[in-house]
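Open the model in your viewer and keep the selection panel at hand. The tour goes stop by stop.

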Amino acid sequence: MSQWIEVCATDDIDDEDVMRFDHRGQTFAIYHSPDNKFYATDGLCTHEKVHLADGLVMDNIIECPKHNGRFDYRNGVAKGAPVCVNLKTYPVKVEAGKVLINTGA
Amino acid sequence: MTEASMVIVGGGKAGARAAVAFRENAWKGPVTLISDETLAPYDRPPLSKAAITDDAEPQPTYLLDEGMMASLEVNFLRGAAATAIYREAKTLALADGKRIPYDRLLIATGAEPRQLLLAGSERALLLRDIADAVRIRNEFSEGRNIAIIGGGFIGLELASSAAKRGCRVTVIEAQPRILMRGVPAEIATRIAARHAEAGVTILVGASIAHIGPDKIVLSDGREIAADIIIAGIGAAPRFKLAEQSGLAIENGIACNTYLQTSDPHVFAIGDCCSFPHPIFGNERLRLEAWRNASDQAIVAVENMLGGQRQYEAVPWFWSDQYELNLQIAGLPHLGASVVKRVPKDDALILCHVSAEGRLMGASGIGQGNSIARDVRLLEMLIGKKATPDAAQLADPSFPLKSLLKS
């Protein structure tokens with residue numbers, strides 16, 4: 001039984017930025033892309049478990065704050081060393097000015 | 001005729017990254033990686049930190065394991081010392097008598113800790129490889145007196161790790177303050193205060209008279225109890241192989257901006273080499289930094305395969321002590337003035353600006369990753385030779401990212 005969980009208002013995250021969202025012991029990173037879409041991934045880098053929300057969003061890429069591992073946050077794909085394991089992504093929808101994610105839990 | 005072959009000497013971060021880069025660049029020919037260590041390439045930054053503080057016996061964090069090397073078809077020669085480069089024959093000689101022909105050779109031999117030259121200094125442990133880290137860790141039991149000679153990054157990271165393990169720690173620094181080389185005084189002061197809070201004694205301007213069996217005696221007569229002594233007094237580039245084969249040396253193996261040595265078939269990367277930096281007026285640098293090792297590998301490999309790319313990544317490094325993270329980007333010493341940016345109460349970033357208003361460096365300290373994003377953006381601005389407005393740099397609510405797009 002998966003449920004949609006409200007994360008924040010759409011204007012809580014700037015364009016081309018990221019926010020950390022913790023829910024039931026899990027941590028997520030929620031992204032607002034330059035073309036005004038929202039995405040969600042696991043919150044921790046697959047390399048050394050660092051919070052990606054402290055990192056930098058450039059276009060469709062999130063860069064880990066620790067070792068500059070890069071992922072395309074739209075599909076979670078790792079963009080080369082030092083990261084080689086993709087990020088898990090989660091469905092996101094926007095309803096009535098709110099961002100919701102489906103963690104599958 | 002034999003197939004053209006790419007040979008890498010040195011199995012650290014730089015060499016390992018280069019091995020991968022050959023395949024990323026679609027090189028189909030042989031790649032040989034020669035390491036004087038017996039383990040596959042592993043990451044060194046944890047050796048002064050997690051390897052010491054974690055409860056579990058430290059395990060190497062492999063950069064390239066056997067499976068990856070097999071799938072990349074990297075021919076890995078372990079425990080192998082390269083003894084000579086026969087440059088006319090384009091052949092590398094190993095200590096066991098093997099001869100390895102190369103089409104292009106990449107030297108990534110790194111740096112090694114400087115030895116202390118004092119009576120009794122054979123007692124001083126050094127930290128370079130994982131065996132050193134295991135040995136040091138096993139000595140760091142609660143209540144022991146640890147004396148660390150040298151208040152640089154290795155010494156201070158080990159002091160932080162020793163304090164976490166409940167040791168009584170003294171850091172002995174000859175200079176008037178810790179981190180004299182490359183870290184602004186204001187940031188070094190914060191780090192020193194954090195060490196003091198953890199109970200670590202830092203003695204600056206201290207010269208050592210002699211080392212006894214259980215203590216260190218300073219020139220002014222003070223005695224420091226020392227069950228264990230560690231020396232962290234800097235690293236020396238390893239270039240004997242290059243020097244003996246007649247390659248130009250200039251504070252390391254001298255490279256041009258393409259990371260090519262004085263022999264066009266031989267390249268060098270990482271801690272062992274020096275190179276002119278195009279965005280800093282071709283100032284010749286030698287960097288002992290994790291990211292530099294990796295970034296140089298990517299550029300050198302492209303050039304070894306016929307590319308013409310200058311290496312112009314902005315220098316960047318970090319240090320973790322306690323919960324503090326220090327980062328330096330660019331070359332702070334080229335700044336004429338400092339603009340302070342305070343992104344959070346307990347975080348501080350100094351922007352080092354030249355007389356002409358160009359951003360030359362950024363140094364920051366904060367808890368966890370609190371300064372990471374701003375320093376990364378400042379690093380990119382340094383790379384663009386930006387001349388940002390001082391008021392905008394100083395305003396923590398001003399988004400630095402907007403300057404990159406202008």
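Select A:Lys66 and B:Asp320. Their side chains meet in a salt bridge, with N to O at 2.7 Å. This is a predicted model, so treat the distance as a computed value. Between chain B and chain A the count is 5 salt bridges.

Now widen the selection to the whole interface of the two chains. On the chain B side, 18 residues are in contact with 19 residues of chain A. The two chains bury about 1,500 Å² between them, and 47% of that is on carbon and sulfur atoms. Which residues of chain B lose the most area to chain A? Pick B:Asn369, B:Arg373 and B:Lys401: together they make up 40% of what that side buries.

Stay in chain A and select residues 38-42. This is strand 4, and it is mostly covered, with 4 of its 5 residues buried. Look across the pair: A:Ile30 stands opposite A:Ala40.

The bridge partner of A:Ala40 here is A:Tyr90.

Move to chain B and colour by domain. Domain 1 covers 6-112 + 235-304, domain 2 covers 115-231 and domain 3 covers 323-405. Show domains 1 and 2 of chain B. Their C-alpha centres lie 30 Å apart. At the boundary, 23 residues of domain 1 are in contact with 16 residues of domain 2. These two domains bury about 1,500 Å² between them, 55% of it on carbon and sulfur atoms. Highlight B:Leu47, B:Ser48 and B:Ile52 in domain 1: they lose the most area to domain 2, together 37% of what that side buries.

How many salt bridges are there between domain 1 and domain 2 of chain B? The count is 2. Then select B:Glu157 and B:Lys49, which form a salt bridge with the closest N and O atoms 2.9 Å apart.

Go on to residues 228-231 of chain B, strand 16. Both faces are covered. B:Ile228 and B:Ile230 are buried on one side, B:Ile229 and B:Ala231 on the other. Strand 9 of chain B (residues 124-125) runs parallel to strand 16 and is joined to it by 2 bridges. Strand 10 of chain B (residues 145-149) also runs parallel to strand 16, with 4 bridges. Centre on B:Ile229: B:Ala124 has it as bridge partner, and B:Ala147 stands opposite it.

Finish with the nonpolar cores. The largest has 84 residues, and B:Leu92, B:Leu105, B:Ile107, B:Ile269 and B:Leu378 have the most contacts inside it. This core draws at least three residues from each of domain 1 and domain 3 of chain B. Apart from it lies another core of 37 residues, including B:Tyr42, B:Ile130, B:Ile136 and B:Ile365.

Among the residues it touches are B:Ala14, B:Ala18, B:Leu106, B:Ile107, B:Leu259 and B:Gln296, leaving aside residues up to four places away in sequence.

Terms used
Residues numbered from 1 in each chain as written. Chains lettered and ligands numbered in written order. Predicted model: local features only at pLDDT ≥ 70, side-chain atom pairs only at ≥ 80, totals over all residues. Heavy atoms only, no water. Buried < 20%, exposed > 50% of the residue type's maximum accessible area, 1.4 Å probe, protein only. Pairing = 2+ DSSP bridges. Core = buried A, V, L, I, M, F, W, Y, C linked by side-chain atoms within 4.5 Å. Domains from an automatic or database assignment. Contact = heavy atoms within 4.5 Å. Buried area = accessible area lost by both parts, 1.4 Å probe. Salt bridge = Lys/Arg side-chain N within 4 Å of Asp/Glu carboxyl O.
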